Amino acid sequence: MHLTQKQKHFHSLDGLRAIAALSIVAMHVLSNSNYKMSGFIAQRMIPSFSDFVFLFMTISAFGMCCGYYERIMHNQLSLSHFYERRFRKILPFFGILVLLDLILEPSLSHLYEAFADLTLLFGFLPEAGNITVIGVGWFLGVIFVFYLIFPFFCVLLENKRRAWGAFFISLVYNFICAEYFHVGKTNILYCSCFFLAGGLIYLYKDFLIKINKWFVLGVVFVFILLYYVSHRNIYFCLGLFASMVIYGIISHGILLENRITRFFSTISMEIYLSHMVIFRIVEKTGLNYLGGNGWPQYLFTTLTVIILTSVFSFVARQILSRLTERQA
């Protein structure tokens with residue numbers, strides 16, 4: 001049974017969020033360690049998992065359109081309420097991590113960076129990627145800029161002709177950002193093509209859900225091949241994640257829709273933001289080299305970080321949720 005427009009939650013996207021979050025954890029564990037591992041998986045595949053942030057962007061744009069596009073375009077949503085929800089959803093958990101980081105490594109430079117982090121507006125800074133206080137938070141900076149400009153984003157999607165024009169311009173911007181301005185994924189203009197891809201998928205979702213899922217899965221595998229053969233070309237990356245999201249809104253099955261993927265999906269942002277803090281704790285205890293520096297140790301460390309990060313994220317989310325309910 002396909003989801004209708006009123007059923008705005010596409011459950012298979014939970015699986016994609018979970019895969020993206022856990023893959024990024026696996027990538028950071030490897031990139032911040034000195035494990036002696038060789039082969040395609042260790043040297044090319046796992047390092048490429050850093051690009052899963054772009055999948056998050058595409059899913060985020062599609063999900064935001066499902067929840068707010070119609071209401072914004074028909075003036076049925078208070079912008080004050082919309083922005084308040086964005087701050088309430090992100091700031092409490094992120095604020096805890098920022099303050100914890102500041103306590104662990106107090107300095108004037110960290111104080112400046114913590115202030116920028118706590119405003120959630122650091123995505124507007126030209127050097128946002130250089131912030132070391134919760135360094136992975138650069139992604140949150142880009143996402144929050146997207147939230148702030150979302151009403152304008154909806155206007156760009158008002159009709160398909162305008163949407164395609166905006167998408168073409170975003171591709172040009174992506175190229176110019178890399179080749180001339182020398183800015184990358186920490187910049188909203190560089191990433192705009194991924195957000196607009198999510199918006200276009202939303203506009204065409206009624207057509208896309210009629211496509212055979214096996215055909216789309218085949219397209220996904222073609223883009224995977226092109227992505228690695230081209231050494232992670234950004235446009236093949238865009239095609240890969242767009243096709244994955246399309247598969248996510250078409251596919252309905254236990255592989256992407258189950259209790260495990262649902263659990264990790266609900267705390268995917270928290271996992272992304274906090275996993276490096278947890279990794280540093282594991283690192284200080286020496287658990288990351290307890291059994292050597294090969295594949296078994298890497299898998300053990302990754303699993304340990306995932307478990308500890310998930311527990312921390314879930315508990316913190318529950319506590320913050322209850323405090324918010326009391327204040328309401």
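**View 1. Phe146 and Phe150.** Phe146 counts as buried, at 1% relative accessibility; buried means under 20% relative accessible area with a 1.4 Å probe, protein chains only. Phe150 is buried as well, with a relative accessible area of 0%. Phe146 and Phe150 form an edge-to-face aromatic pair, with 5.7 Å between centres and 75 degrees between planes. Rings of Phe, Tyr and Trp (its six-membered ring) pair if their centres lie within 6.5 Å; planes under 30 degrees apart count as stacked, over 60 as edge-to-face and the rest as tilted. The model is predicted: local features need pLDDT of at least 70, side-chain atom pairs count only at pLDDT 80 or more, and totals for chains, interfaces and linings use all residues. Residues are numbered from 1 along each chain as its sequence is written, and side-chain values use heavy atoms, without hydrogens and water.

**View 2. The aromatic cluster around Phe146 and Phe150.** One aromatic cluster is formed by Tyr68, Phe82, Tyr83, Phe87, Phe144, Phe146, Tyr147, Phe150, Phe153 and Phe195. The count of aromatic pairs comes to 32.

**View 3. Phe56 and Phe139.** The ring centres of Phe56 and Phe139 are 5.8 Å apart and their planes stand at 45 degrees, so the pair is tilted. This pair links distant parts of the chain, 83 residues apart: Phe56 lies in helix α3 (residues 52-73) and Phe139 in helix α6 (residues 138-148). Helices are DSSP runs (H or I, at least four residues), numbered from the N terminus. Phe56 is buried at 9% relative accessible area, and Phe139 is buried at 2%.

Technical notes:
Helices (H or I, at least four residues) and strands (E, at least two) are DSSP runs, numbered from the N terminus. Buried means under 20% relative accessible area, exposed over 50%, partly exposed in between (1.4 Å probe, protein chains only).
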